[in-house]
Amino acid sequence: MDNDIFQGYKGEALELLKKYKVRVWGTVVAQTTRGTFEGTVLPRSENDDDKHIVVKIITGYNIGIDTRTITSMEETGYKKANYKIPEKEFPFTEGLPKVKLFGTGGTIASRLDYRTGAVIPAFSPGELYGAVPELADICNLETEKIFAVFSENMGPMQYMALAKAIGEEIEKGVDGIVIGHGTDTLHHTGAALTFMCQNLPVPVVLVGSQRSSDRPSSDAALNLMHAMKAAGQSDIAEVMVCMFGPTSDEYGLLHKGTRVRKMHSSYRSTFRTIGDTPLARINRQDIIPIKKTYNKRRNDKNVKILPYFSDKVTMLYYYPGMAPDTLDALVEKGYKGIIIVGTGLGHVNKELYPAIERAHAKGVHMYMTLQTLWGYVHMFVYDTGRDMMAKGIIPTGNMLPEVAWVKLSWILGQTDDPEEVKKMMLTSINDEITTREPYNGYLVYQGGVPEVEDFIKDVHK
Amino acid sequence: MSFDSRSNYSNSKKKVGYVPRNEATQETYDSLGFMSGLEVHQQLLTNEKLFCHCPAGIFHQHDDYDAELIRHMRPTLSELGEYDGTALMEFRTKKEIVYRINNENACTYEVDDTPPFPINMDALEKALEISLLSKLNIVGEVHITRKQYLDGSIPTGFQRTAILGVEGELELPNKKIRLIQLSIEEDSCREISDIGHTRVYKTDRLGMPLIETVTYPDFVNPDEVKEGCDYIRFLNRSTDKVRTGMGAGRQDVNVSCRGGSRVEIKGVAHTKWIPELTHNEVFRQWSLLQIKDMLLESIDQPKDWKVNHISIKDLMGSNPQLLEKEEIIAINLPKFEGALSYFTQPNQMFADEISTRLKVIACIEKPNMTHSEDFRTLINEAQWDDIKELLGAKEGDSQVIVWGDMSDMKTAIETVEERCQMALEGVPVETRKSFEDGTTIFERVLPGADRMYPDTDSAPIPLEDSYITELSKGLPTDVIDNYKQLKEWGVSDEVYTYIFSKNLFPLIQKIIADIGVKPSYVCTFLGHEVKFAEGHYKGPEKFNHEKVYDLFRYLKDSGITFEIAEKMLPELIEHPKMDFESILTSINFRKYTKEEILSKLPLLYDKFADGKKEVSKVKMKNWVMGKLRNIAIGNIELSELSKDI
């Protein structure tokens, strides 16, 4: 009960509210040694201190009153806020594709959470339609909340649940699937679903936003429109990530779930296809393919759902001077698969060799990926590489480290046989290893040089 | 007989009682119920911006940029779950916002690709000092709030802002003005252009620390508003911690008349424009109330009042002035005769209110309409008759014709209808853009408290008592106390503005205390002679007033009287690096003792009296003073010399 009336307040502040019988959402006149303050008492974020009471003053601003300065308080009224995205029934339009939106949390649509002071997701077709009415021109939408977790809390259980849900929707005859997802681990989920949902007949599009939809400049609405269009109208039947191309509100990119990576902590255009080009460019009018070959949309329902995952796989990010016991510790704790993220062409120092040998002897599956992200593991170039292969480390071509972790986890969820594991790891399911790196695959521009500056000036960022 | 709109305009102007400002008295304003308050913005003098580490105060030309990016703004809910009116209006305008970025003064924060860094504590401290000077109740904890701006002036779509104090007071010479609050906020972008559906901004000013002082609507006439605004700016300047120069201080002026609404005149750059703007605004509102009364005489059900429209592209498409227009729409306004040509401001009528809204909301560039009471005759009478017939117009109706792109017409028709419906209710709350001639035009719908949202990216900042106490110790004296001191010294009113706006009071005190110059002399010297010389002589840099201290110190130490200072000023301004001795040489100053000067008297007396029968003593004295003046200045005080002649 206390929680309801005094939302988030604790310690001194809570005592004071109780003493003067002032509730959260009560309008209050507070006498303090710094003068009189008037306004509506707001809930307080749990992590903030117990020395202040938050008040919304008449001009709409929030202020904090120091409890130590308060000499008296009086509640003069009560006005509880009703925060609700206007809900309108999502209209059905004959002839538009049927798209299913799975909610997993994330910031596609969100509202304020007073408990943490952060934003929490809000989600229903009605709410989405209220916030982004343009969606009704793109598709007929159904939504289903599968979980409400933040991106960093998405994990194996969620991957498997999603894969099964996708299978069921395809069985029901949906034209495309969109998954709303926090952006931090969007690419992990992209890889997991690529392996778990094979031979897809319809697009499965993962989408998020880098700026929560509670701000006017959010990328959420446009990302959502692009994702719905890709799911409902594109003929690319793959697991894709759909996010901003440039940081401008201009177009989105469709990335393969196995080649995409979040590359900036806060930019809107954070997702990039690594070592290849994206599948397509998308705006509100068109979907413009970039890659010539991809899996095409089909009318059958012959999807293969393979929801397997072992939680005994880990990653080891190598650094110079790494001691062998770091690897031993992982093996001792029972890890069966280790993705090593090596330097350069795929290297670790010699001190690790004995540990590698011990791990190999215990049957641990070890695969080499790259800190450089771009390029291929080449373990034949230097002796160290050859040594390591001899000791049981298998190079994974140009598979991204996170993708290799997902794939090995998925494989070890099915088999433990080293040869079978190796065969599966190195057999590409959907371009997680490509045989060729195009000249425009590697792109990290260097600011400051004239041609890049010209490009940045001429083309909207 | 068609409606005589010209005489309607002049008759309505009389009915409103509009008089030029120099003919208006307090009675005029009292009869209109003049009410006004201020929101005074002042940039703080800091090295860096408020929420990132970009340098503050580095500006660029419009076309000097390294990159451009584009955003569209969507309205979002406020903390209390409401959509804001402005937000919805801006969304309807469907603007594409282009930002120009220069690497020197903008980073990924400005364009909302990086969350805010912790607030600039230097800026916060300066703003708190001004809050204390403004006698505000200082908050216990600063909460960064997001204030929505969908016009694109801030790429995030909101301004990060925080209240530092509430309920303060400002003492003017003749009354006290109550202050609502003072906030610290990030400055917005500067607009480069706004044409059709594209608005272009540059991001150099964006994010610079700014404070906003908000007063209650306590001002009762236009001159008082200016006076109050000047005092707030003087107070800010008195800390020496604010920026000066073009655009560093700007104000929004809120005005209403009795029965009217709060209208905000935005971004007034000079306080001298305030009187004319507020004068005209109060009359504009008075006009709108009369229009409402007039319309309601014939319109019984204002809630049901609607327009009807038709396309007249086929009819009017061959008109040479409308040839290029994709669509032309005629709109009938039932029972609106006399409203469109009703006087609102000098050289503006009610129809102009509609036209400007069409430009802002429907994004149709002017000229975007004509109407049945237009002085210009774009459409001849026979065509009007056809149009009225097609619209099914009745006697007493009036018509508006709008044109533009097909895709803008829906919003255009809504905009016309909406503005006319508002006329039935009185004065719409809105923000208006000002012009130097004292008139204003519609800018945006006035946003309300519904556009506020806590900034989930920033933690609250506690302000401990000990910190506030420490800050209070270093505050300058109140402007009003300085004002009273000047009065006491007998300093003439006309130099006050210069002294306060340049924050010269501390310098004056120092000169008086250290050198012993007479107070009224220093004040007049700075507020009159220096001001004059600055306006007439050009130096390589802005004149540094501290030089005046050195100058008086030098004269005192050299035993030269202060009167020479005035003669030295032009050289001092033009050649600030020249030493005082060289300046004296270059103005041909020579040292004489009093005796040497007085020794010339007998010769001069003789010369004046030469051949005259009668000699007027006064005339002679003046003549002799004139002859000796040049050599006396600096050597002997003229008043002293005068006694000896």
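The structure is a predicted model, in which local features need pLDDT of at least 70 and side-chain atom pairs count only at pLDDT 80 or more, while totals for chains, interfaces and linings use all residues. Residues are numbered from 1 along each chain as its sequence is written, and chains are lettered from A and ligands numbered from 1 in the order in which they are written.

Confidence comes next, expressed as pLDDT (the predictor's confidence in each residue, from 0 to 100). The average for chain A is 90, and 92% of its residues score at least 70. Residues 115-120 of chain A, however, stay under 50. For this stretch the model has 20 contacts beyond four places in sequence, a contact being two residues whose C-beta atoms, placed from the backbone, lie within 7 Å.

As for overall architecture, chain A holds twelve helices and 23 strands; these are DSSP runs, with helices (H or I) of at least four residues and strands (E) of at least two, numbered from the N terminus. Along the principal axes, its C-alpha atoms fill a box of roughly 80 × 60 × 50 Å. Among contacts in chain A with a separation of 6 or more, 71% link residues 24 or more positions apart.

Two strands pair if DSSP finds at least two bridges between them. Seven strands form an open, antiparallel sheet in the order E5(A)-E1(A)-E2(A)-E3(A)-E4(A)-E5(B)-E23(B). Strand E5 (70-78) of chain A and strand E23 (461-462) of chain B stand at the edges with a single partner strand each, so one side of each is left without a neighbour in the sheet. Between the chains, two bridges join strand E4 (residues 62-66) of chain A to E5(B) in antiparallel fashion, and A:Ile63 has B:Val142 as its bridge partner. B:Val142 is also the bridge partner of B:Ile461 in E23(B).

The contact between the chains takes 47 residues from chain A and 46 from chain B. On the chain B side, E2(B) gives the most, with five residues. By class, that side has 22 nonpolar, 14 polar and ten charged residues, where Ala, Val, Leu, Ile, Met, Phe, Trp, Tyr, Cys and Pro count as nonpolar, Asp, Glu, Lys and Arg as charged, and the others, Gly among them, as polar.
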